[in-house]
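Let us take a friendly walk through a protein model and look at how some of its side chains meet. Keep the picture at hand and find each residue as it comes up.

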Amino acid sequence: TGRSSSGSVLTLDLNYVPTQNLRISSEFGVSTSNSTVDPVFDPTGTDFGGFIEGDYRKKDFSLRAKAFSYGPNFYSPGAYNLIDKRGVELNSNWKVGNVNLSGGLTKYDSNLDNYFEGGRASVLDYQLYASGAIDKNSTIRAGMRSQGASNSLYYDRDTTFDITINRRLSDKANLVMNYAKNI
């Protein structure tokens, strides 16, 4: 699989750990790229990107929050980054007794209007899962994940509900059953 653009990225990262439970990270980057196809479909030129992120962890709880901004021509080696992204990301994990709850949300605005009519698009992805032990040999994980984008003319959302049960049969074998329903 070949890429139709080439380029370079220079980044500057800063990590700060003010307490044992808190880590703050940031990155600023500048990229240059050249595309052999129409630049609407591949990054070309110079652009900027970056993020700031906080990661708070305790024994049974963690929370990560991130704000980011990447221009439409920000070149990302090894990945197709056809759209600009300006938004936030939140992820959390919380252990309550024998149950582990995890969830996340990513919200950003982007220039998807280059591909779909109707103006700038809003992207909202989220997930929520619960997992835990059924007994000493079995675990269960259940939840949902939803991804979608919309603007004044376009709306699309893809939501998947799934459940996975893992049963240990012996020290050398286990059986996993997964059911997923997509709407």
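A residue is called buried when its relative accessible area is under 20%, exposed when it is over 50%, and partly exposed in between, using a 1.4 Å probe and protein chains only. By that rule aspartate 84 is buried, because its relative accessible area is 3%. Before going on, note that this is a predicted model, in which local features need pLDDT of at least 70 and side-chain atom pairs count only at pLDDT 80 or more, while totals for chains, interfaces and linings use all residues. Residues are numbered from 1 along each chain as its sequence is written, and side-chain values use heavy atoms, with hydrogens and water left out.

**Salt bridges**

Side chains of opposite charge can pair when their charged atoms come close. Here a salt bridge is a side-chain nitrogen of Lys or Arg within 4 Å of a carboxyl oxygen of Asp or Glu. The count by this rule is eight salt bridges, including those in the table.

| Salt bridge | N to O distance |
|---|---|
| Glutamate 53 and arginine 64 | 2.5 Å |
| Arginine 86 and aspartate 84 | 2.7 Å |
| Aspartate 109 and lysine 107 | 3.7 Å |

Salt bridges with shared partners also join Glu53, Arg64 and Glu89 into one network. Take the bridge between glutamate 53 and arginine 64. It connects distant parts of the chain, with glutamate 53 in strand β3 and arginine 64 in strand β4 (residues 61-70), 11 residues apart. Strands are DSSP runs of E with at least two residues, numbered from the N terminus. Is glutamate 53 buried or exposed? Glutamate 53 is buried, because its relative accessible area is 16%. Arginine 64, at 21%, is partly exposed. Arginine 86 is partly exposed too, at 38% relative accessibility.

**Aromatic rings**

A pair of aromatic rings is described by the distance of the centres and the angle of the planes. Rings of Phe, Tyr and Trp (its six-membered ring) pair if their centres lie within 6.5 Å; planes under 30 degrees apart are stacked, over 60 edge-to-face, and the rest tilted. This rule gives four aromatic pairs. One of them is the stacked pair of phenylalanine 28 and phenylalanine 48, with 6.0 Å between centres and 20 degrees between planes. Phenylalanine 28 lies in strand β2 (residues 22-35) and phenylalanine 48 in strand β3 (residues 45-58), 20 residues apart. Phenylalanine 28 is partly exposed at 46% relative accessibility, and phenylalanine 48 is partly exposed at 46%. Elsewhere, Phe68, Tyr70, Phe74 and Tyr108 form one aromatic cluster.

Charges can meet rings as well. A charge sits over a ring if NZ of Lys or CZ of Arg is within 6 Å of the ring centre and within 35 degrees of the ring normal. Lysine 66 has its charged end over the ring of phenylalanine 51, 4.5 Å from the centre. For arginine 141, the charged end sits over the ring of tyrosine 129, 3.8 Å from its centre.

**A hairpin**

Two strands pair if DSSP finds at least two bridges between them. How many bridges pair strand β9 with strand β10? Strand β9 (residues 155-168) and strand β10 (residues 174-182) pair in the antiparallel sense over nine bridges. The hairpin that joins β9 to β10 runs through five residues. Across this pairing, phenylalanine 161 stands opposite lysine 181 in β10.

Key
Helices (H or I, at least four residues) and strands (E, at least two) are DSSP runs, numbered from the N terminus.
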